[in-house]
Amino acid sequence: MQIQQNFSLKNYNTFGIDAKAARFAAFHNMDELAELISLSTGIPFLILGGGSNMLLTQDVTGLVMKNELKGIEKVSEDGEYVYIRAGAGENWHAFVLHCIANNWAGVENLSLIPGCVGASPMQNIGAYGVEIKDVFHSLTAYHINEHRPYNFNLADCEFGYRESVFKRKYKGQFVITDVTYRLRKHPAFNTSYGAIEEELTKMGVKELSIRAISDAVIHIRSSKLPDPAQIGNAGSFFKNPSIPASKFAELQQQFPAIVGYKNSDGSMKLAAGWLIEQCGWKGFREGDAGVHAKQALVLVNYGNAKGEEIYNLSERIVISVKEKFGVELEREVNIIGSL
Ligand code: FAD
Ligand code: EPU
């Protein structure tokens, strides 16, 4: 296994931030992972998947370990479900397409999300009415200090909106090495997200299929989210904030067009993109740091922005949304560094 020194991470994070790693290595199997973990004792380290949900605000003074654990296999099945295990280093969208090709249903709404399988439960990724928790069965994660694997089931992961134990109480303690999904042999289509129905009609789809839903999601996403290969970004920079129904009613008096959706507990989830747009940030650019012109929730790097510049812009957005609406935005992207 090759360990590289003073390695540029520009091509390894979708924001395209040119931060350096003092040391960088890719692991392809459990032995290589164990070796790297032994080498990183006492120094800072970073587990890297596709780098599509992180903002590097400074150089990494320790070791960056790039996950290249591969493999997709059917581990079992019953009348209703197939249980599919995928290596954490598999590309997420390629995995989705593989499931569609095999007629395994459940992940089609999550088409075209960048990144790797390993981060999917970490973030409980979600889009168009589906979250990983809906198709999750179990995962294996390697404990960094105890040097041994653990198995986590659905309850162990404590999934929430873009949350799991791996971002909270076990932060920095585990490397997720494989994930097993429970997928349906007979699809239960989820077209609850309005835009999907509209897109399917536009596409002239007569008979619903998981491939048609995937294609619809791909079209919708491509029309509003910037392609990281063209403009650096990490998807939604902030979470959509939830507020009590009473606070929502107050805001609605003042801002009748405010966009909100009811949560199962009665609170209201606001569209952060709307709040940010109302504060005048949509399409804003200063140097190479900006706010996407078609989706105000997405911060972008037009080329050579530093992580710190993107972070500072995000801070200004947080302050202005707080001032105008009294609502606190929380970053969804993982901030790597001391900011
Ligand atoms: P990375 O960015 O590499 O890592 C993210 C975090 O997880 C880091 O803290 C990292 O250290 C840690 N990590 C990564 N792998 C492991 C592992 N194996 N074990 C332990 N820790 C690990 N997300 C959504 O939920 N829904 C969307 O619709 C969506 N759309 C997006 C659109 C665009 C254009 C972009 C750029 C991003 C979007 N995202 C979306 C965010 C992102 O794609 C997901 O969060 C994705 O799961 C991140 O995967 P990754 O492999 O790139 O993670
Ligand atoms: N809106 C605006 N202005 C904008 C952007 C959005 O007014 O500039 C309003 C619109 O009214 C729109 C509503 O916000 O109807 C919601 O926008 P959109 O459907 O684009 O979704 P989102 O809430 O901005 C969330 C996720 C996305 C996910 C989509 C689809 C979060 C933080 N983001 O975005 O996830 O793909 O829904 O389900 O929950 C990500 O996590 O990186 C991500 C892209």
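On its own, ligand 2 has 820 Å² of accessible area, and the protein covers 81% of that. Such areas come from the Shrake-Rupley method with a 1.4 Å probe; for residues, only the protein chains shown count as cover.

Now for the neighbours. There are 23 residues around ligand 2, and Tyr128, Tyr161, Ser236, Glu277 and Gln295 come nearest; a residue is near a molecule or strand if one of its heavy atoms lies within 4 Å of it. By class, this shell holds 11 nonpolar, 5 polar and 7 charged residues. Here Ala, Val, Leu, Ile, Met, Phe, Trp, Tyr, Cys and Pro count as nonpolar, Asp, Glu, Lys and Arg as charged, and the others, Gly among them, as polar.

Helix H6 (210–224), strand S13 and helix H8 (272–278) each supply at least two residues of the shell around ligand 2. The largest share, 3 residues, comes from H8. Helices (H or I, at least four residues) and strands (E, at least two) are DSSP runs, numbered from the N terminus.

Ligand 2 lies between domain 2 (72–224) and domain 3 (232–336), because both give residues to its shell. The domain bounds come from an automatic or database domain assignment.

## Ligand 1

Backbone atoms feature in the polar contacts of ligand 1. A polar backbone atom of Gly49 is 2.8 Å from an oxygen atom of ligand 1, and a backbone N or O atom of Gly50 is likewise 2.8 Å from an oxygen atom of the ligand. For Asn53, a backbone N or O atom lies 2.9 Å from an oxygen atom of ligand 1. The protein covers 94% of the 980 Å² of accessible area that ligand 1 has on its own.

Two or more residues of the shell come from each of strand S3 (45–48), helix H3, strand S8 (126–127), strand S12 and strand S13 (232–236). Of the 33 residues around ligand 1, Ile47, Gly50, Ser52, Gly126 and Arg221 come nearest. The shell divides into 17 nonpolar, 14 polar and 2 charged residues.

## Strand pairing

Strands S10 (residues 136–143) and S11 (residues 148–153) pair in the antiparallel sense over 6 bridges; two strands pair if DSSP finds at least two bridges between them. Leu139 stands opposite Phe152 in S11. These strands form a hairpin with 4 residues between them, and His147 in the turn has a positive phi of about 55°.

Elsewhere, 4 strands form an open antiparallel sheet in the order S13-S19-S18-S17. Its edge strands are S13 and S17 (285–286), each pairing on one side only. S17 and S18 (residues 289–291) pair over 2 bridges, with Glu286 opposite Ala289 in S18.

## Residues worth a look

Asn13 sits in the loop between strand S1 (4–8) and strand S2 (20–27). Asn13 counts as buried because its relative accessibility is 4%; buried means under 20% relative accessible area, exposed over 50%, and partly exposed in between (1.4 Å probe, protein chains only). The Asn13 side chain reaches the backbone oxygen of Leu9 at 2.7 Å, and a polar atom of that side chain lies 2.9 Å from the backbone nitrogen of Ile17.

Arg162, in the loop between helix H4 (154–157) and strand S12 (174–184), has a positive phi of about 55° although it is not a glycine. Arg162 is also buried, at 17% relative accessible area. Asn103 is another non-glycine with a positive phi, about 65°, and is found in the loop between helix H2 (92–101) and helix H3 (119–123). His98, in helix H2, is partly exposed at 31% relative accessibility.

## Notes on the model

Residues are numbered from 1 along each chain as its sequence is written, while chains are lettered from A and ligands numbered from 1 in the order in which they are written. In this predicted model, local features need pLDDT of at least 70 and side-chain atom pairs count only at pLDDT 80 or more, while totals for chains, interfaces and linings use all residues; side-chain values use heavy atoms, with hydrogens and water left out.

Conventions. Polar contact = N/O pair within 3.5 Å; in protein donor to acceptor, adjacent residues only side chain to side chain.
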